Amino acid sequence: QVQLVESGGGLVQPGGSLKLSCAASGNIFTVYTMGWYRQCPGKQRELVATITKRGSTNYADSVKGRFTISRDNAKNTVFLQMNSLKPEDTAVYYCQSNIEDEVLRTFTDYWGQGTQVTVSS
């Protein structure tokens, strides 16, 4: 069993900052790409940012220059630093990770439970 546990969401004023964290635990052999996605009510889930095991990053155009994704491979944890937040960033943010299982040696995409980010004055 593998679990992704997110933390760090909340309410913030426009222009403010938040930092999300997501830790993977369980029967893990290797954690490959990790990423963050978000979903607004009535809309499809969309990519925010991803980071490979070696540190290569990819961002949605809407967050470039404001959000920074990083990871700690020793702790199987990914972070999302969000600055200059806008009301349109309001969404449930989900952590996602491609993980090789330690026992079965299979590759699976795992998802966290989601954390609410609300940007409002």
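## Basis of the description

A residue is called buried when its relative accessible area is under 20%, exposed when over 50%, and partly exposed in between (1.4 Å probe, protein chains only). The structure is a predicted model, in which local features need pLDDT of at least 70 and side-chain atom pairs count only at pLDDT 80 or more, while totals for chains, interfaces and linings use all residues. Residues are numbered from 1 along each chain as its sequence is written, and side-chain values use heavy atoms, with hydrogens and water left out.

## Overall architecture

The protein chain contains 11 strands and zero helices; helices (H or I, at least four residues) and strands (E, at least two) are DSSP runs, numbered from the N terminus. The radius of gyration of the protein chain is 14 Å, which agrees with the value near 14 Å that a compact globule of 121 residues would have. This radius is taken over C-alpha atoms, and the globule rule is 2.2 Å times the number of residues to the power 0.38. The C-alpha trace spans about 50 × 25 × 20 Å along its principal axes.

Of the 121 residues, 42% count as buried. Contact means heavy atoms within 4.5 Å; among contacts between residues at least 6 apart in sequence, 56% join residues at least 24 apart.

## Surface and charge

The protein chain exposes about 6500 Å², of which carbon and sulfur atoms supply 47%. Accessible areas come from the Shrake-Rupley method with a 1.4 Å probe; for residues, only the protein chains shown count as cover.

There are 12 positive and 10 negative charges, and their mean positions are 5 Å apart. Lys and Arg count as positive and Asp and Glu as negative, whereas His and the chain ends are not counted. The place of a charge is taken as NZ of Lys, CZ of Arg, CG of Asp or CD of Glu.

Two strands pair if DSSP finds at least two bridges between them. Strand S1 (residues 2-7) pairs with strand S3 (residues 18-26) in the antiparallel sense over six bridges, and Gln3 stands opposite Ser25 in S3. S3 is also joined by six bridges to strand S8 (residues 77-82), again running antiparallel. In this second pairing, Leu20 stands opposite Leu80 in S8.

The covered face of S1 consists of Val2, Leu4 and Glu6, and its uncovered face of Gln3, Val5 and Ser7.

## Surroundings of Arg71

Arg71 lies in strand S7 (residues 67-72). Arg71 counts as buried because its relative accessibility is 15%. Leaving aside neighbours within four places in sequence, its contacts are Val31, Tyr32, Thr33, Met34, Ile51, Thr52, Lys53, Thr77, Val78 and Phe79. The C-alpha atoms of Arg71 and Gly55 are 7.7 Å apart, with 16 residues separating the two along the chain.

## Positive phi in two loops

Ser84, in the loop between S8 and strand S9 (91-101), has a positive phi of about 50° although it is not a glycine. With 41% relative accessibility, Ser84 counts as partly exposed.

Arg105, in the loop between S9 and strand S10 (107-111), likewise has a positive phi, near 55°. Its relative accessibility is 41%, so Arg105 counts as partly exposed. Most residues other than glycine have a negative phi.
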